[in-house]
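Load the model in your viewer and keep the selection tool at hand. The stops below give what to select and what is there.

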Amino acid sequence: MPSGERLRTIGQRQGERLIREAGAQVRELRYAAGLSQAELARTMGVSRTFLSRLELGRLRHLDIGVIAVAIALLGHRLTCKAWPVGEPLRDSAHLRLLARFEARLAPTWRVRREAVMPVRGDLRAWDLRLDGPSSIGVEAETHLHDLQAVERALAAKRQDSRVDHVILLLADTHHNRAVLCTHRTSLRGEFPLTTRELLAALGAGADPRGSGIAVM
């Protein structure tokens, strides 16, 4: 599970970078429009000093509405979109699910929690990585939202971390079982092993010889 402190630090750094980039873009668009700082600041309803600090990226905190106004006045539209680059903070149910799974492992497995990708700057991580007779990436989900998105993310993680197998670990809930029932046929190719088969192999310290879905 990612630490709250680490994710908070990452978010703060991203925010600072976005403020600098937004200021630089306002400056470039203002130049292209042939406006002075005084003219744009007056139209925005802010001081010239404030606009200068904004363009230079020297503001520690910035209302996104102010940037949107500046961009609109310069003939553009501000957009905001979140892209998946790392792992979200998990809740206590997620931790309990991982604990139940770890309790079923033979002591011969070396377990690493929050095992990051071996790619510089990559913030993604396996919830657990098991190393022993084979290497296994484990991703835990307490509530499946978009199964196709989960499959794509797991395939990318498997390729980038070069693990032998992948285990999708799911909480045993009515919702999750209903999703699995609906997609059972399509999942069998990528995740052929059942909960019983996975836990039997892992509990014996043996290579499960394939990927699978464990419901616990």
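Start with helix α3, residues 48-55; helices (H or I, at least four residues) and strands (E, at least two) are DSSP runs, numbered from the N terminus. Its buried residues are L51, L54 and E55, where buried means under 20% relative accessible area, exposed over 50% and partly exposed in between (1.4 Å probe, protein chains only). Turn the view to look down the axis of α3: the buried residues fall within an arc of 95 degrees, so they line one face of the helix. The arc is that of the directions from the helix axis to the C-beta atoms.

This is a predicted model, in which local features need pLDDT of at least 70 and side-chain atom pairs count only at pLDDT 80 or more, while totals for chains, interfaces and linings use all residues. Residues are numbered from 1 along each chain as its sequence is written, and side-chain values use heavy atoms, with hydrogens and water left out.

Next, select G57. Just after α3, G57 has a positive phi of about 70 degrees. G57 sits in the loop between α3 and α4 (64-73) and is buried, at 18% relative accessible area.

Now move to the nonpolar core. Which residues of the largest nonpolar core touch the most other members? Of its 20 residues, they are F101, L130, V138, I167, L169 and L202. A nonpolar core is a set of buried Ala, Val, Leu, Ile, Met, Phe, Trp, Tyr and Cys residues joined through side-chain atoms within 4.5 Å. At least two residues of this core come from each of α5 (92-102), β2 (125-131), β3 (135-141), β4 (165-170) and α9 (195-203).

Center on F101. Leaving aside residues up to four places away in sequence, F101 touches L128, L130, V138, I167, L169, L199, L202 and M216 (contact means heavy atoms within 4.5 Å).

From L169, step across to A214 in β5, which stands opposite. Strands β4 and β5 run parallel and are joined by 4 bridges; two strands pair if DSSP finds at least two bridges between them. Strand β5 (residues 212-215) is covered on both faces: G212 and A214 on one side, and I213 and V215 on the other, are all buried.

Finish with the charged side chains. How many salt bridges does the structure hold? There are 9, a salt bridge being a side-chain nitrogen of Lys or Arg within 4 Å of a carboxyl oxygen of Asp or Glu.

- Select D131 and R112: their side chains meet in a salt bridge at 3.5 Å, N to O. The pair links distant parts of the chain, with D131 in strand β2 and R112 in strand β1 (residues 110-116), 19 residues apart. D131 is buried at 16% relative accessible area, whereas R112 is partly exposed at 35%.
- Select K157 and E139: the closest N and O atoms of this salt bridge are 2.8 Å apart. K157 lies in helix α6 (residues 147-161) and E139 in strand β3, 18 residues apart. Both K157 and E139 are buried.
- Select R177 and D172: their salt bridge has its closest N and O atoms 2.6 Å apart. R177 is partly exposed at 45% relative accessibility, and D172 is partly exposed at 44%.
- Select R110, R112, R129 and D131 together: salt bridges that share partners join these residues into one network.
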